[in-house]
Amino acid sequence: MPRISLTPPRTPLMRLGAWYSRRKYGKVLDPGQAYGHNQRVLFAYVRLEQRAAKWNALDAGLKHLAVMAAAARINCSWCMDFGYWEGRELGLAAHKIERVPQWQESREVFTEVELLVMEYAEAMTETEPAVTDALAAELLGRLGEAAFVELTAMVALENMRSRANRAFGLTSQGFAEACAVPPGR
């Protein structure tokens, strides 16, 4: 149950955001409704998300696995639900997305670099970050500096998202279920 009302004041920004959200995702996203109680925070958050969506130094699949690994480590059910849907929209294999929360026990499903990216995302997500020099050096060598910086920024952004959503008390909105194959197929 959300700890904050998901019915913020109906300002022009909120009406525009709700229209856009329904058009793009099929429903109004709960985090936007929660942030809608403070227009300045909402506006800054939306601008950050818009700009982050344009980053392209890191492979989109690797970026998504890093985001999902961070969300799983924080145990944000809203982020995991939305992340499953988003991964399917990106064309990622469902069996990979489903295994992200248990990636360490499902290593055979992922490539070496995918495993390194998820290890890095988890290490960065620890309350006291646990990134080692060796892990950073390995990723720098494989990804290059621009992609490494983008990876780091995306994991930090997902930490912000997941921690805020958990604090707001947000839970699944049913995005993952929308991706499921209908029974009998």
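Here are legends for a handful of close-up views of this predicted model.

Residue numbers start from 1 along each chain as its sequence is written, and side-chain values use heavy atoms, with hydrogens and water left out. As the model is predicted, local features need pLDDT of at least 70 and side-chain atom pairs count only at pLDDT 80 or more, while totals for chains, interfaces and linings use all residues.

View 1. The protein averages a pLDDT (the predictor's confidence in each residue, from 0 to 100) of 94, and 96% of the residues score at least 70. Residues 181-185 are another story, with pLDDT below 50 and zero contacts (heavy atoms within 4.5 Å) beyond near neighbours in sequence.

**View 2. Helix H4 against helix H7.** Helices here are DSSP runs (H or I, at least four residues), numbered from the N terminus. H4 (residues 60-74) and H7 (residues 112-125) have axes that come within 8 Å and cross at roughly 40°. Axes are lines fitted to C-alpha atoms over the stretch in contact, and angles run from 0 to 180 degrees between N-to-C directions. That makes H4 oblique to H7; under 35 degrees would be roughly parallel, over 145 roughly antiparallel and 65 to 115 roughly perpendicular, with the rest oblique. On the H4 side, look for Leu62, Leu65, Ala66, Ala69, Ala70, Arg73 and Ile74; H7 brings Val113, Glu114, Val117, Met118, Ala121, Glu122 and Thr125. Sorted by type, that contact has ten nonpolar residues, one polar and three charged. (Ala, Val, Leu, Ile, Met, Phe, Trp, Tyr, Cys and Pro count as nonpolar, Asp, Glu, Lys and Arg as charged, and the others, Gly among them, as polar.)

View 3. Asparagine 75 is found in the loop between H4 and helix H5 (77-89). Its phi is near 65°, a positive value in a residue other than glycine. With 53% relative accessibility, asparagine 75 counts as exposed (over 50%; buried is under 20% and partly exposed lies in between, using a 1.4 Å probe and protein chains only).

**View 4. Helix H8 meeting helix H9.** H8 (residues 133-143) packs on H9 (residues 145-168) at an angle of about 125°, their axes 7 Å apart. H8 is therefore oblique to H9. Ala136, Leu139, Leu140 and Leu143 of H8 make the contact with Glu145, Ala147, Phe148 and Leu151 of H9. Seven of these residues are nonpolar, none polar and one charged.

**View 5. Serine 21 in helix H1.** Serine 21 sits in H1 (residues 12-25) and is buried, at 6% relative accessible area. Leaving aside residues up to four places away in sequence, serine 21 touches Gly26, Lys27, Val28 and Leu29.

Technical notes:
Helix = DSSP H or I, 4+ residues; strand = E, 2+ residues; numbered from the N terminus.
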